[in-house]
Amino acid sequence: MRRWCLAWLMAMVVCGTAVGQDCNESIFNFESDHGFDSFISPMTNPVFFEDPRMLSEARVIFANHRLPDLLGGDNVQLYAMQIRARLTENLSFIATKDGFIVSQSPVLDDGWADLSAGLKLSLYTDPESQILLSTGFTFELPTGQNRALQGNGDGEFNLFLTGGAELFEGAHLVSAGGFRLPVDSNAENKLFYWSNHFDTQLGDSGIYLFNEWNWFHWMSNGNTAIPVGGLDLINLGSNSVNGQNVVTTALGLKYKPSANVEVGVAYEIPVTATEDIIQNRIGADLIFRY
């Protein structure tokens, strides 16, 4: 029921309807901001590393996540799609988490992920200098299945700030930080994250090389007797992670044949002694943008 209600709410937000209003009279009248078309979207920490641009797009995501040997060393796959809709010049609707989890591990089973959606607000944009800054929030509903380590707690707020700049022609920096604040701090952990992306375009080929870094810092313990927190896709409410840090890095490649299409691949590993739930991850995405 909660999954159906969120889907209905998403449709109402995008369509801009009220009782008795025709869906053809939509508030969704703005295409993506194309003043920053030389940028590419970040790939790692995919639920929380938000692109600062005001975009209308569908982003298909695949990830193969390998667990550390401590947790069995098995593989977990994620199949998901994010939706973003630019509602006004400075406001976007963002649906950042959904999808289906497939597991070869006895630690978790196949199942649906939680659903997360919210709003993004542009704070500053300067197409001439290629600098922009945005803020926003999402709320994650515990609609997923417990067998996939989803659906615990009473929901989680994500408050974030994200910005980007062209460093020199063909090179860009995107950085985002935020706080994950669960409604029930016994069932889920509070977490701070900081993600950074640097890319450079190879001439006019539409091919980009990029490097990304993610820092995850746990700010609280929960009541769950599990020695790991879960990083970006999972929040386990562990009772033994407060103060721990995990840093990951990734190398990747993206191809952007036009302003409306991106396809990319990235390989991510932890660089700290603490790995939490990640030994390595291969991610891929395909973006269709309006």
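Predicted model: local features only at pLDDT ≥ 70, side-chain atom pairs only at ≥ 80, totals over all residues.
In the hairpin of β6 and β7, which has four residues between the strands, Q130 takes a positive phi near 60 degrees. Residues are numbered from 1 along each chain as its sequence is written, and side-chain values use heavy atoms, with hydrogens and water left out.

A word on terms. Strands (E, at least two residues) and helices (H or I, at least four) are DSSP runs, numbered from the N terminus. Two strands pair if DSSP finds at least two bridges between them.

So, the strands on either side of that turn. β6, residues 115-126, pairs with β7 in the antiparallel sense over 11 bridges. On its other pairing, β7 is joined by 10 bridges to β8, residues 156-168, and these two also run antiparallel. L133 of β7 can be followed in both directions: Y124 stands opposite L133, and in β8 the bridge partner of L133 is G163.

In a regular strand the side chains alternate between the two faces of the sheet. For β7, residues 131-141, the covered face holds L132, S134, G136, T138 and E140. The uncovered face holds I131, L133, T135, F137, F139 and L141.

Next, the spaces. Rolling a probe the size of a water molecule over the atoms shows where empty space is left. On a 1 Å grid over the protein atoms alone, a cavity is a set of points where a 1.4 Å probe fits but cannot get out; a pocket is an open set with protein on both sides within 12 Å along at least five of seven lines; lining residues have an atom within 4 Å of a point. Grid points are joined across faces, edges and corners, and a volume is the space filled by probe spheres set on the points.

The largest pocket holds about 290 Å³ of space. It has 23 lining residues, and those closest to its centre are H65, L67, L233, I234 and I277. β2 gives the most to this lining, with three residues. By class, the pocket lining has 18 nonpolar, three polar and two charged residues. Here Ala, Val, Leu, Ile, Met, Phe, Trp, Tyr, Cys and Pro count as nonpolar, Asp, Glu, Lys and Arg as charged, and the others, Gly among them, as polar.

As for cavities, the whole structure has three of 30 Å³ or more. Of its 13 lining residues, M43, T44, R281, G283 and A284 are the closest to the centre. The lining of this largest cavity has seven nonpolar, two polar and four charged residues.

The second largest cavity has a volume of about 60 Å³. Its lining is P46, V47, I61, L78, A80, Q82, T96, K97 and D98.

Which of these brings us to a single residue? I pick Q82, in strand β2, residues 75-86. Q82 is buried (under 20% relative accessible area, with a 1.4 Å probe and protein chains only), at a relative accessible area of 1%. A polar atom of the Q82 side chain lies 2.9 Å from the backbone oxygen of P46. Leaving out residues up to four places away in sequence, Q82 touches (heavy atoms within 4.5 Å) P46, V47, E57, A58, R59, I61, A95 and T96.

Terms used. Buried < 20%, exposed > 50% of the residue type's maximum accessible area, 1.4 Å probe, protein only. Polar contact = N/O pair within 3.5 Å; in protein donor to acceptor, adjacent residues only side chain to side chain.
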